[in-house]
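This report goes through one protein chain, from its overall make-up to a few single residues. Please keep the sequence and the structure in view while reading.

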Amino acid sequence: MVSALNRGEQHPTAQATRLSRPVAALVGVLAVWAAVGVGHLAAGLISAASSPLLAVGDAVVRLSPEPLTEFAKNTFGTNDKLVLLIAMFVVITLVGAVAGLLSRERPNPGSWVVAVLGVLGTAAVYFAPVYAELDLVAPVAATLAGIGAFRWLHHLGLRAREPASAAEDGVSRRAVLTGGSAAVGLGALASTGLGALVARDVQGSRAEVTAQLARATFAERATPVPAAAAFPQLGTPTFLTANRDFYRIDAALRIPTLAAADWRLRVHGMVARELTMSFADLISRPLVERPITMTCVSNPVGGNLVSTADFIGVPLRDILVEAGIDPAADQLFSRSTEGWYTGTPTSVVMEPGRGALLAVGMNGEALPPEHGFPVRMVVPGLYGYVSGTKWVVDLEATTFRNPFRQGFWLERGWSQFGPIKTMSRI
């Protein structure tokens, strides 16, 4: 026995209590996948913004340096968010595999790696622009689930390496894959089912709003589009863009699922009277319908990032007049429910003929979720990055001199005012 040890041979018992590399990596991967599923499920029950995966993604979007942001936008276009999520999932998977490989004998090293991932997710949720104390439930649940799954799967793997136990209990290496897959599968199914329920709730809310718009009395209706306003038979786009074809540009990794009944808008800052409005308060006001063309600042001549719709809403100028906005407030700083923020020149919003809206509908129906349901801002003549806040819930009258109220793209060196430049296509 001594001579065998001198030759560096392992004792059979030591070999039996060590996971093989493929099984160890699989333990780590399945554990982090289970953590992601549980975190997403808990976030769906409490607040979608508290999903640690999405919170980390939002943090990456917010904190990325301007050159990296420009590279992603120019390289991947409207697919940049999908690419980011795929890259994050790949990185998490690789980290999980490394955690498993570090724990072939004992689960502690991998457990610490999973814990560090949990701390990063918790920090991303805590420092998000929109935060409430209950938002910590999702990342904490994800961390505990990940550590628990890792230790449980590690235990199953070690049992599979013990011949006597395997013979007694029928445990095999497949126990790791079966147990882990069950944990990940249940989490994924629960998250998907919950997401479907929430989506149905929002669609039901949209249907109610669409019915309200059909019954509403309008102070102003859009002029019918003349038949000769476009030449689609010759390949030109139609004058009005169908909702399903209206271009979408935003920084949201997920589409917020806020029902109209739960929406609130706060108007505050440099105003004489702070206002808090419900959706019922807003839609009870005189509604107007106006054809408005929107275009992305990145749209080239002849590009497809330009669309026109008949937007329905309440004049934003009227609400600011009611709040008694201070003439010295040159910026209207808006925030959305998922944390987006930007600043709009107050002078433009307050122009009597500008037609800025708090929009609740487009083309005769409630706003689609991806275009801001239940309420968004629309300011004709300005690029959306300084004016088109979707899912808007907060308006603050302030100044551009305020260092703590700098718009998302203004922080990245973009123009402060964003007037649309005239272009044409022949």
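## Contacts and the model

Two residues are in contact when they have heavy atoms within 4.5 Å of each other. Under this rule, and leaving aside neighbours within four places in sequence, glycine 100 is in contact with Ala24, Ala25, Gly28 and Phe150. The model is a predicted one.

## The chain as a whole

The protein chain has 426 residues, and 46% of them count as buried. Its secondary structure comes to 13 helices and eleven strands.

## Helices H3 and H6

Two packed helices are described by the angle between their axes and the distance between the axes. Helix H3 covers residues 21-46 and helix H6 covers residues 80-101; their axes come within 7 Å and cross at roughly 135 degrees. That angle makes H3 oblique to H6. The crossing of the two is right-handed.

On the H3 side, the contact is made by Arg21, Ala24, Ala25, Gly28, Val29, Val32, Trp33 and Val36. On the H6 side, it is made by Phe89, Ile92, Thr93, Gly96, Ala97, Gly100 and Leu101. By class, the residues of this contact are ten nonpolar, four polar and one charged.

Glycine 100 belongs to helix H6. Is glycine 100 buried or exposed? Its relative accessibility is 1%, so glycine 100 counts as buried. Its C-alpha atom is separated by 8.9 Å from that of serine 111, eleven residues apart from it along the chain.

## Helices H4 and H7

The axes of helix H4 (residues 52-63) and helix H7 (residues 108-126) come within 8 Å and cross at roughly 65 degrees. H4 is therefore roughly perpendicular to H7. The crossing is left-handed.

Which residues meet here, in H4 and in H7? From H4 they are Pro52, Ala55 and Val56, and from H7 they are Leu120, Gly121, Ala124 and Val125. This contact has six nonpolar residues, one polar residue and no charged residues.

## Two residues of helix H8

Threonine 143 is found in helix H8, which spans residues 137-160. Leucine 144 also lies in H8. Threonine 143 counts as buried because its relative accessibility is 15%, under the 20% limit for a buried residue. Leucine 144 has a relative accessibility of 58%, so leucine 144 counts as exposed.

Leaving aside neighbours within four places in sequence, threonine 143 is in contact with Val114, Ala115, Gly118 and Thr122. The C-alpha atom of leucine 144 is separated by 9.4 Å from that of valine 38, although these two residues are 106 residues apart along the chain.

In soluble globular proteins, nonpolar side chains tend to be buried together. In this model, the largest nonpolar core has 63 residues, and those with the most contacts inside it are Leu282, Phe311, Leu316 and Leu358. Strand S8 (residues 357-362) gives the largest share of this core, five residues.

Which residues does leucine 282 touch, not counting residues up to four places away in sequence? Leucine 282 touches Trp263, Met277, Val314, Ile319, Leu358, Val360 and Val375. Another core lies apart from the largest one; this other core has 21 residues, among them Leu84, Ile92, Ala149 and Phe150.

Terms used:
Residues are numbered from 1 along each chain as its sequence is written. This is a predicted model: local features need pLDDT of at least 70, side-chain atom pairs count only at pLDDT 80 or more; totals for chains, interfaces and linings use all residues. Side-chain values use heavy atoms; hydrogens and water are left out. Axes are lines fitted to C-alpha atoms, for helices over the stretch in contact, and angles run from 0 to 180 degrees between N-to-C directions. Helices (H or I, at least four residues) and strands (E, at least two) are DSSP runs, numbered from the N terminus. Angles under 35 degrees count as roughly parallel, over 145 as roughly antiparallel, 65 to 115 as roughly perpendicular and the rest as oblique. A crossing is left-handed if the near helix is turned anticlockwise from the far one by less than a right angle, and right-handed if clockwise. Ala, Val, Leu, Ile, Met, Phe, Trp, Tyr, Cys and Pro count as nonpolar, Asp, Glu, Lys and Arg as charged, and the others, Gly among them, as polar. A nonpolar core is a set of buried Ala, Val, Leu, Ile, Met, Phe, Trp, Tyr and Cys residues joined through side-chain atoms within 4.5 Å. Buried means under 20% relative accessible area, exposed over 50%, partly exposed in between (1.4 Å probe, protein chains only).
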